[in-house]
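I opened this notebook to record what I looked up in one structure.

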Amino acid sequence: MNPRKKSLSVVLGVLLGGALAAGGYLTLDQHAQADAQALHDQRVTDDLSAFRAAQQTTATTPPVTTTTTPPPSSSTAPPSSSEPPPESSSAPSSSAEKTTKAKPADSSKGAQVVALVNQERAKAGCGDVGVDNRLVQAAQAHSDDMSARNYFSHTTPEGVTFDQRIKKAGYPKPGAENIAKGSTTAEQTMKMWMNSDGHRRNILNCELTMIGVGVTTDGWYWTQNFGY
């Protein structure tokens with residue numbers, strides 16, 4: 001190629017490159033600036049990557065824990081009372097006692113019956129009967145039992161007779177028994193007995209020498225036990 005034509009081509013190429021730069025192509029100086037910017041951007045990227053890697057390393061490292069020693073506890077135990085709690089002086093009563101224990105005997109009414117018996121015996125020419133505690137015990141137990149179990153008989157529901165009860169109480173020679181129910185005074189009770197032939201004969205039997213009377217006011221059960 002002719003040297004002049006070659007020079008012209010170079011000039012035209014440079015001019016064409018400058019014209020096209022406005023359309024999106026970079027000049028040589030712009031290429032240098034772009035390379036420098038790219039290198040700077042790469043360094044920033046590398047530094048950012050290194051910083052993020054350091055953060056990840058720090059995050060994966062377990063945190064350091066501290067051990068806190070608890071405050072010392074007192075070696076002195078709270079004082080305890082050596083005295084036991086006060087106990088009630090009254091023992092609770094059992095339900096069995098409440099259901100089986102009848103009201104106590106009215107001794108004055110029993111004594112009135114004995115006095116009236118001896119008055120009637122005196123009219124018949126018999127001696128007085130004396131009071132024996134064993135006969136009183138047997139008579140009172142039978143009045144209590146009839147009241148508690150709501151029956152009225154000389155024989156218990158189990159078939160125990162008056163003479164067996166008297167012997168069980170310790171009296172060796174049982175003689176007779178009178179019972180009554182519902183009357184509230186000794187006079188009324190004696191009138192009922194004296195108006196009954198069988199009961200009257202027991203009261204006026206001169207061979208009978210001892211007596212025991214039991215009275216239970218719950219239902220008003222009366223028992224006379226006689227002994228030889």
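The entries that follow concern a disulfide and a helix.

**Basis.** I worked from a predicted model, in which local features need pLDDT of at least 70 and side-chain atom pairs count only at pLDDT 80 or more, while totals for chains, interfaces and linings use all residues. Residues are numbered from 1 along each chain as its sequence is written, and side-chain values use heavy atoms, with hydrogens and water left out.

**Disulfide.** I searched for disulfides (a pair of cysteine sulfur atoms within 2.5 Å) and the count came to one. The sulfur atoms of Cys 126 and Cys 206 lie 1.6 Å apart. I noted a left-handed link, with -65° about the S-S bond. The pair links distant parts of the chain, 80 residues apart: Cys 126 is in the loop between α4 (107–124) and β1 (130–131), and Cys 206 is in the loop between α8 (197–203) and β3 (210–216). Helices (H or I, at least four residues) and strands (E, at least two) are DSSP runs, numbered from the N terminus.

I then looked up accessibility, where buried means under 20% relative accessible area, exposed over 50%, and partly exposed in between (1.4 Å probe, protein chains only). Cys 126 is buried at 7%, whereas Cys 206 is partly exposed at 42%.

**Helix α5.** I found 17 residues in α5, residues 133–149. Its buried residues include Leu 135, His 142 and Met 146. The buried residues of α5 pack (contact: heavy atoms within 4.5 Å) against α6 (162–168), β2 (174–181), β3 and β4 (221–227). After α5 comes Asn 150, with a positive phi near 55°.

Key. Expected span 1.5 Å × (residues − 1).
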